[in-house]
Structure formats: C-alpha cells, structure tokens
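Hello,

Here is the structure I promised to hand over. Please have a look, then read my notes below.

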Amino acid sequence: MMSGARTANVPSLPAEIWKIVLEQIPCDREGVRTHAAFALASKFFLKVAGGRVGMALRALESHEEDGDMIITFALRTLSALRAHAAPHAPAIAERLEHEEERVRRAAVRALSVLGEHAAPHVATIVRRLEDEDEKVRRAAVEAIGDLREHAAPHAAAIAERLEHEDVDVRCAALRALGDLGEHAVPHAA
C-alpha cells in the first residue's frame, strides 16, 4: 500500500499502520477486510489515546472528508474510557442527531455505559427508537436496558411506542420495557 493510499470507506491513517492492520486480516473479501480494518483501527485509536479523553473529544469535531468515521472511532474510544468520559456526556449526546447512522449508533452506545451521567440524555436516546436506521433503533433498545433505573422515568414514552405503526419500533419498545423490568413499573402507568 503506498503512502497516503486509501481503502474504500476507511479513514486516513499512515500507510505503515494500514499495512500492519491489513496484514492481520487473512480474508480476501473486501467488505470483511474493511470491517475488520475498522475494528483494528478503533483499537489502535484507543491505544494511541491512552486514556487521554481530550484526543477523542477533539476528534468529535472532525470536519475531514472521512469525518463521520473519525467521529465514530472517537465515540468508541470514549465508550471504552467509561468513567473518564462521563463529564463529556453532553458532547457525546450531541452526536445523537448526526446525519450518519454509524455516528448516531456509536453515540447511543457511548452513552449507554455512562450510567447516571447519561440520564439527562435518555429522552434523546428514547427518540432513537424511531430512528430511520434499524441498527440505531437496536442500539437504543440496548442502551435503555443498560441504563435501567436512569431510563425508567422515560418508561411512559417507551410504552407509547407499543402502538407505533412500525413493528420493529413496537418490538424495540417491548424489549426496552422488559429490560427496565421493575424499574419501569412506577413510570409506565
């Protein structure tokens, strides 16, 4: 791979890094290699960040050509940093409205590990139950379940989705209420 060479839909990193990444992926199928490269690049980004939240936060502001992928990697890094990322929940939550589904999904997942720090943003996560993208809807259901008592005050809003026209949204609402369990009872009446 030449210096600065790019693989379809893969963010820019030094050629030496991509060479190492791609050597680790024995499959010849481009889609499989690309997804594996994303996973390895995310791991690399986390290692480089070394617990430094600032680096990931700066990446959230990316306006580069591949900015959505860089933002996605930054959100994955913040998710992995868990408690260290908690004070930055508002910056993460802003990405719930991003135009790219992978960014919205990564933002939902990043918030899902922040517990009480994500509580002010649960209403926005609940709205993602109606996202146009199935993967974002699924991530929202999982996040609501992960946030349990912090999401419970929104049980009524989740229960309203039980009558939604889209069967996937109805199923997501059922699953979310099931995940909330007893935490939902006082709020879903």
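Of the 189 residues of the protein chain, 46% count as buried (under 20% relative accessible area; exposed is over 50%, partly exposed in between, with a 1.4 Å probe and protein chains only). This is a predicted model, where local features need pLDDT of at least 70, side-chain atom pairs count only at pLDDT 80 or more, and totals for chains, interfaces and linings use all residues. Residues are numbered from 1 along each chain as its sequence is written, and side-chain values use heavy atoms, without hydrogens and water.

The chain has ten helices and zero strands (DSSP runs, H or I of at least four residues for helices, E of at least two for strands, numbered from the N terminus).

First, α4. This helix covers residues 67-81 and spans 21 Å from first to last C-alpha, close to the 21 Å expected (1.5 Å times one less than its number of residues). 13 of its 15 residues are buried, so α4 is largely enclosed by the rest of the structure.

Next, a helix pair. α8 (residues 134-151) and α10 (residues 167-180) pack at about 25 degrees, with axes 8 Å apart (axes are lines fitted to C-alpha atoms over the stretch in contact; angles run from 0 to 180 degrees between N-to-C directions). The two are therefore roughly parallel (under 35 degrees). Their contact (heavy atoms within 4.5 Å) includes Arg 137 and Val 141 of α8 and Asp 168 and Ala 172 of α10.

Best wishes

Conventions:
Angles under 35 degrees count as roughly parallel, over 145 as roughly antiparallel, 65 to 115 as roughly perpendicular and the rest as oblique.
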